[in-house]
Amino acid sequence: MPRLRVHNFSISLDGYVAGPDQGPDHPLGVGGERLHEWVFATRFGRRMIGRDGGSTGIDDEHLAAGEANIGATIMGRNMFGPVRGEWPDDSWTGWWGPNPPYHHPVFVLTHHPRPALEMDGGTTFRFVDDTSENVLEQAFSAAGGKDVRLGGGAATVRRFLRAGLVDDLHLALVPTLLGTGERLYDDLGDLPGYTVSPARPGDNVTHIHLTKVGD
């Protein structure tokens, strides 16, 4: 049965997944780029940006696993871009250029829907304003029997956790403190039970896996 999965979700020791003041000059918030340095130290991460080299091992394996059997992605509007409120026009097409790395349907959560955006390489951004359950149903349908990946930011992951819809949650614990920004652990309420697998230390981060009980 298809699953909703969170993968390689980088988080600081004090629970932040992005720094403050996100915007065009700081897509991950001020200081937030530190949370993702481990990605580009790996072979998989370097290949994503067209470079050779990089480490193999546990970190690299986890990055690759996060892409396996994914047929659609759900993300928050802040992950798609810095524009807030009503869209002034359709000129913003994401952070990733004309050929985003997804290559499948991507559902962008927003209170201000706009027409679907077809990009090179098979990525189509669909802008939806609906309940978590309905958005996930649409994503599963678009995924064609594969799993759905849940992207950031923190508010988006919290929303689906609170609804009890996340089947697998993989956190990459980065040995740094941000002190402020977007926290994952706030306002989660009464979550369904999760089993926690033994932590796996990689070269640069520690990998923590939570699986919903009964799955």
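N8 is buried, because its relative accessible area is 11% and the cut-off for burial is under 20%. This residue is found in strand 1. Its backbone stands out too: N8 is not a glycine, yet its phi is positive, about 50 degrees. Most residues other than glycine have a negative phi, and most peptide bonds are trans. The model described here is predicted.

## The chain as a whole

How many helices and strands does the protein chain have? The count is 5 helices and 12 strands. The C-alpha atoms fill a box of roughly 45 × 40 × 35 Å along the principal axes. A compact globule of 215 residues would have a radius of gyration near 17 Å, and the chain has 17 Å, so the two agree.

Of the 215 residues, 44% are buried.

## The largest nonpolar core

In soluble globular proteins, nonpolar side chains tend to be buried together. Here the largest nonpolar core has 28 residues. Which members touch the most others? They are I74, F160 and V166. Several elements give two or more residues to this core, including strand 1 (4-12), strand 3 (70-76), helix 4 (132-143) and helix 5 (154-162). Another core, of 10 residues, lies apart from it, with W87, V108, L117 and F127 among its members.

Leaving aside neighbours within four places in sequence, its contacts include F107, L109, V135, L136 and F160. R149 and G151 are also among the contacts of I74.

In helix 5, the buried residues are A154, T156, V157, R158, F160 and L161. An α-helix has 3.6 residues a turn, so residues three or four places apart point the same way.

Glycines sit on both sides of this helix. G153 is in the loop between strand 7 and helix 5. A cis peptide bond joins G152 and G153, with omega about 0 degrees. After helix 5 comes G164, which has a positive phi near 70 degrees.

## A cluster of rings

The structure holds 9 aromatic pairs. In one of them, F80 and W87 have ring centres 6.1 Å apart and planes at 80 degrees, so the pair is edge-to-face. Both F80 and W87 are buried. F80 also pairs with F127, again edge-to-face, at 5.2 Å centre to centre and 80 degrees between the planes. F80 lies in helix 3 (residues 77-80) and F127 in strand 6 (residues 124-128), so this pair ties together parts 47 residues apart in sequence.

Are F80 and F127 buried or exposed? F80 is buried, at 0% relative accessibility. F127 is buried as well, at 7%. Ring pairs link F80, W87, W96, Y102, F125 and F127 into a cluster.

## An arginine beside the rings

R114 lies in the loop between strand 4 and strand 5 (117-118). This arginine is buried, because its relative accessible area is 8% and burial means under 20%. Beyond its neighbours within four places in sequence, R114 is in contact with F80, W87, D90, W92 and F127. R114 also lies over the face of W87, 4.6 Å from the ring centre. R77 lies over the face of W87 too, at 3.8 Å from the ring centre.

What does the side chain of R114 reach? It reaches the backbone oxygen of D90 at 3.2 Å. The backbone oxygen of W92 lies 3.1 Å from a polar atom of the R114 side chain. R114 and E86 are 28 residues apart along the chain, and their C-alpha atoms are separated by 9.6 Å.

## Two histidines

H207 lies in strand 12 (residues 206-212). It is buried, with a relative accessible area of 0%. Its side chain makes a polar contact with the side chain of D59, at 2.7 Å. Not counting residues up to four places away in sequence, H207 touches W38, H62, H170 and R200, among others.

H103 sits in the loop between helix 3 and strand 4. At 43% relative accessibility, H103 counts as partly exposed. H103 has a positive phi near 65 degrees, though it is a residue other than glycine.

Note on methods: Residues are numbered from 1 along each chain as its sequence is written. Side-chain values use heavy atoms; hydrogens and water are left out. A nonpolar core is a set of buried Ala, Val, Leu, Ile, Met, Phe, Trp, Tyr and Cys residues joined through side-chain atoms within 4.5 Å. Buried means under 20% relative accessible area, exposed over 50%, partly exposed in between (1.4 Å probe, protein chains only). Helices (H or I, at least four residues) and strands (E, at least two) are DSSP runs, numbered from the N terminus. Contact means heavy atoms within 4.5 Å. A polar contact is a pair of N or O atoms within 3.5 Å; within protein, one must be able to donate a hydrogen and the other to accept it, and residues adjacent in sequence count only if both atoms are side-chain atoms. Rings of Phe, Tyr and Trp (its six-membered ring) pair if their centres lie within 6.5 Å; planes under 30 degrees apart count as stacked, over 60 as edge-to-face and the rest as tilted. A charge sits over a ring if NZ of Lys or CZ of Arg is within 6 Å of the ring centre and within 35 degrees of the ring normal. The radius of gyration is taken over C-alpha atoms; the globule rule is 2.2 Å times the number of residues to the power 0.38.
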